[in-house]
Amino acid sequence: MSEPLVRLRFRVNGRAVDVEAHPMARLLDVLRTQLHLTGTKEGCGEGECGACSVLLDGRLVNSCLVPFIHAGGAALVTIEGVADGDRLHAVQRAFIACGGAQCGICTPGMVLAATDLLSRNPAPSSDDIRVALAGNLCRCTGYMRIFEAVVSAMRGGEAT
Amino acid sequence: MPPDPAIGRAIPRREGVAKVTGRARYIDDLTLPGMLHGLTVRSPVARGIIHDIRYKPGVPWDEITIVTAADIPGQNVVALILEDQPYLADGRVNHPEEPILLLAHHDKHMLEEARRLVEFDIEPLKPVFSVDDALSGEPVIWGDDNLFKSYLVGRGDVETAFIEASIVVEGEYETGAQEQLYIEPNGMLAVANEESGLTVWGSMQCPFYIHKSLAGLFAWPLERIRVVQMETGGGFGGKEEYPSVIAGHAALLAWKSGRPVKLVYDRAEDMVATTKRHPSRTRHRTAVSRDGRLLAMDIDFVIDGGAYCTLSPVVLSRGTIHASGPYFCPNVRIRGRAVATNVPPHGAFRGFGAPQSIFALERHMDRVAAAVGIEPDELRRRNFIRPGQVSAVGQVMRDQVDMDAILARALELSAYHDKRERFARENQSGRTRRGIGLATFMHGAGFTGSGEDLLASVVTVEGTAEGRVRVLSASTEIGQGTNTIFAQIAADALGIDPDDIEVAQPDTAIVPNSGPTVASRTCMVVGKLLETACRSLLKVLVDSGHLSGAGGDVRAACRAYFQERGAPRASSQYVPRVGARWDDERYEGDAYGSYAWAAYVAEVTVDLDTYEIRVDDFVAVQEVGRVIHPVLATGQIEGGVAQAIGWALYEDVVWREGRMANAQMTNYIMPTSVDLPTIRVHFEEVPYEGGPGGAKGIGELPMDGPAPAIANAVAHATGVDVRRVPFTPEALAQLLEVARV
Amino acid sequence: MRSWLAQHEMRSAKTLDEALMILAAGDVAPFAGGTDLMVLLEAGKLPKRRFLDVWRVPELRGITATDDETVIGALSTYTDLLESSIVAAAYPLLCAAARETGAVAIQNRGTVGGNIANASPAADLPPALLVYDAELELASVRGTRRVPYHAFHSGYKKMDLAPDELIVSVRLPRPSGAQRQSYRKVGTRRAQAISKICFAGVVEFLPHAGLPPEEGSRTSATGGGSRTIRQIRIAFGSVAPTVVRARAAEAVLRGRTVDPQTIAEARRALVEDIAPIDDLRSTANYRLTVAGNLLEEFLS
């Protein structure tokens, strides 16, 4: 039918990449094992926990559910691309100040979901925040410190 | 000038930057050259005799490393309390998903196909799945009587008290299994060879538990084995004892293949095969006077331990000791039993037996209050144990706790009385019912009884060439903030800035055995050792002449000392508490050095069309000795409350033939951000001299209160007598339908 | 990830014609957003070995409206539905359903066509599609045809869709008349949940004599007019092998005035329309009871 592997060009965190992989390889695995971007995590493999969240053409997606073949020509942003060099994003600073990260395994996905929310809705209500993060499970925090971090980032502050 | 004290301040989390940038390294982020992947092949049946193993064609079997029990160089035993659990089943299986053999290859996905191609010929034996069948020995599947452990504790004369009592209330309460559901599954990476010995990196809470178990597995001296903790994505007890199993498996594959082997579970395997919270059944019989004083408590507490002993005796112990709660009762009898069934062994999970027995007690107390004809909070007030009174296991309570005040604060913050009355009125009509309920409880920190004495934990601190001070302990950071609070404690004890404190990665090659990261002991017990070790380090520097005394430049002293004679070091080892009395035989005495005390209040809305129960508001008030770090401490309470809300309402393990049938996150339900209420946390502080800065342990405390508070709230809202958790809409619908008929 | 990728193949089509030709050659299954199929990939349980990626086929995208009908391309994601002013204005139950599906990341990738073709009785969009009298446009190399959605699912995971056919679009009649509409999904939790029971309803009441019907349609709005039902469509998910229209209950209600007696009769008729079971998520008893409660809530 077709060649088993495909070679695709796309951009990750602003950088052009050229990768060969099976078309049905999970984007999560391509990012972690071929591009060595291990910041994106696997928590469930079923699209339930959101630990694998990345931005694909500006949309939040679960990279465990995206086949590699959909990455061609796309612009991806992973957790490694959120900070501007050494300058942390406001959301990242707020997570540190407000205790939004405990064990940290959900944090990359959570940070991406939060930055995605604030880029679309600069003044979300507390309900908006809850809904935007509903696809990112956290077992450590009970979400309270995370909500506070998002509100803090929204207000441009470091701590409440 | 010494810096501001760090204790009590919300300094930034040590690994915060690494975690928010994705740079923190968890085990699956680690690769080594030539690494193979490992997989575990597991039993499809609950109990049986293995007659044959077949490897069907379809993969290159000659390339695959296979390990069975026959390959084990030392003892095929997972070292824990007893020696009943094998690393790999040898001839017999005793639970579904029991590991039988191990595979390794560089192609992880081909290996999955290989796993599907292994076929077992197992003659099934009759399994036991229920606590009643276990107790009646139908059949005997473990030891002589399916009993891992039993306790009988108490005081006074229960039987006479019942004969004389005017009001007796009985009840039976059940709790289901709960999956820890750390978002990072279990994983290990091992290198093992004759020249360099064995090194294992992984996700874990207790490096020295693994260390000891691997030594037995390989019959090697401890010095040939090194265990290193990587950044760990949640534990909650699920990575207390289980990691010894997966570490041993990775090590065996590494040994046989001669290559590094990484063994990481996917979510389905982690859920179906690893430990869960022990299910429980508690029977209460309580005699109470007409004016609401507890006269006698007769409690029968049974937990289901699964197929092997693991930590069941200790879970049982803690559940038994906490079974009569923060109350004074002159006549108490608590019988505790842990039984064997043919399900995967249950194990440590935050709370460790106490959430189970406290659920039963606090739900029962509301029913006792109703029988007496007084409000639930009034019954508690009339029975709180007071300083100087004796607990059920014979401990004279020394904590200067004021439970009345703690309860009053919780009731005030939640507007409990107003809502209690208002909801009863408003519930006369409409399609929703609202309720508010409470729970009062205490939680002992540290190992029970003589446990800490036996651990004899050690912490070491040393000065570096740059003039910083490094903390060497086995306590792991698993999200709760170990690294950060150790920096605060050490900084204050030394009079330097927390930025000048380093906390070494827990690596058995370089850190002493500070005991496991469990039992709410890290801050209180290990933190206290750290405090004293730091004071000893100061003495070392003073005695050397490099430090003038109070207010001197500690950093300069370290540098000077280091230049002259190498790193200045000091250690502190746990010594038994002065005046502490504990009788292991009779299981009585000073069970814990101190307790944290709490009152929690839950407010719920019940939808009468869908029977869904939503927690609208949650108030958690606790007395914790000293809050070391306000953000971290608040985070611990909020996170524990969230897990307990999950246990109370959502997290149902569905069992089929001894196996978890809903082993995916799609079907095992933990709360999302839209399911949980605002959780409001308030701390009181009555310093405990045995803890650093006065701090008590709090990690497990928040797991104890929410489930009974919610159950009591649902009972208030609907009149339904909740007796088990998880309490699902289906359960509520059934009870309401029955009530309607 | 338990699938052995070496055993699977996937290629992409760039146009509808190309896609249909590949499907016609046989032995290949369409792949859209992946939110269902990638979960099966993870579990090692993909039903097919060869897949055709249609994600970039332009003819399958877009949401447009004419006077008679609205055309929703099969590749419309839940987010597309939520961001479409056409859907928001005319089909609020589709928005309600899309909001209840998964969470943001799933909504950005799951598609209408994929949701229909996965044929789960617990799917979130189908009950809304049923009460909107949706029609599917199917295409193959042999031509296109339309199938009323209510006739599309014949049994558990069985559809009127040939192996060489692709769902191209969903067509919904433009709404007419004053309608009270309601969608309610009861999941295991309030997001990222498979439904335990799912309800969609659209009802038109007769006007009071002499008064014109109110314009427009609102979700769960109390319409103006009488309590006598002119037209009613009720659908349930997760209570039968397929998503179902509750026709027996509808028959009881059509032309009747809503009062406690009618509601009780409709609840009894509902028992004929649904066949709930016990499964990993819920029980037959619960589903039966709640189905009646949701119907009653809708009518009250």
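Author: Happy to. Leaving aside residues up to four places away in sequence, A250(B) touches G38(B), M188(B), L189(B), A190(B), V200(B), V261(B) and L263(B). Two names in that neighbourhood come back at once: A190(B) and A250(B) are among the residues with the most contacts inside the largest nonpolar core, which has 400 residues. As a general background, nonpolar side chains in soluble globular proteins tend to be buried together.

Now step back to the chain around that starting residue. Chain B has 19 helices and 28 strands, and 63% of its 741 residues count as buried. Its C-alpha atoms fill a box of roughly 75 × 75 × 50 Å along the principal axes. A compact globule of 741 residues would have a radius of gyration near 27 Å, and the 26 Å of chain B agrees with that. The contacts tell you how the chain is joined up: among those in chain B between residues at least 6 apart in sequence, 81% join residues at least 24 apart.

Domain 1 takes 16-24 + 451-573, domain 2 takes 31-125 + 186-264, and domain 3 takes 280-448 + 588-740. Between domain 1 and domain 3 of chain B, the C-alpha centres lie 36 Å apart. Their contact takes 20 residues from domain 1 of chain B and 21 residues from domain 3 of chain B. On the domain 1 side, the elements that give two or more residues are helix 13 (451-455), helix 14 (482-494) and helix 15 (522-543) of chain B. Helix 15 of chain B gives the most, with seven residues. By class, that side of domain 1 of chain B divides into nine nonpolar, seven polar and four charged residues.

A few backbone details in chain B also deserve a look. The peptide bond from E138(B) to P139(B) is cis, with omega near -5°, and P139(B) lies in the loop between helix 3 (131-136) and strand 7 (147-155) of chain B. Another cis peptide bond joins V725(B) and P726(B), where omega is about 0°. P726(B) sits in the loop between strand 28 (724-725) and helix 19 (729-740) of chain B. Then there is A415(B), which is not a glycine and yet has a positive phi of about 55°. A415(B) lies in the loop between helix 11 (403-414) and helix 12 (416-426) of chain B.

In the contact between chains A and B, 39 residues of chain A meet 42 residues of chain B. On the chain A side, helix 2 (90-98), helix 3 (107-120), helix 4 (126-132) and helix 5 (144-154) of chain A each give two or more residues. Helix 2 of chain A makes the largest share, four residues. The residues on this side of chain A divide into 22 nonpolar, eleven polar and six charged.

The predictor gives the complex an ipTM of 0.97 and a pTM of 0.97. Chain C averages a pLDDT of 94, and 94% of its residues score at least 70. One stretch of chain C calls for care: pLDDT stays under 50 over residues 215-223, for which the model has 21 contacts beyond four places in sequence. Where pLDDT is low, the predicted coordinates should not be read in detail.

Methods
Residues numbered from 1 in each chain as written. Chains lettered and ligands numbered in written order. Predicted model: local features only at pLDDT ≥ 70, side-chain atom pairs only at ≥ 80, totals over all residues. Contact = placed C-beta atoms within 7 Å. Nonpolar A, V, L, I, M, F, W, Y, C, P; charged D, E, K, R; others polar. Domains from an automatic or database assignment. pLDDT = per-residue confidence, 0-100. Rg over C-alpha atoms; globule rule 2.2 N^0.38 Å. Buried ≥ 20, exposed ≤ 12 C-beta atoms within 10 Å, placed from the backbone. Core = buried A, V, L, I, M, F, W, Y, C linked by C-beta atoms within 7 Å.
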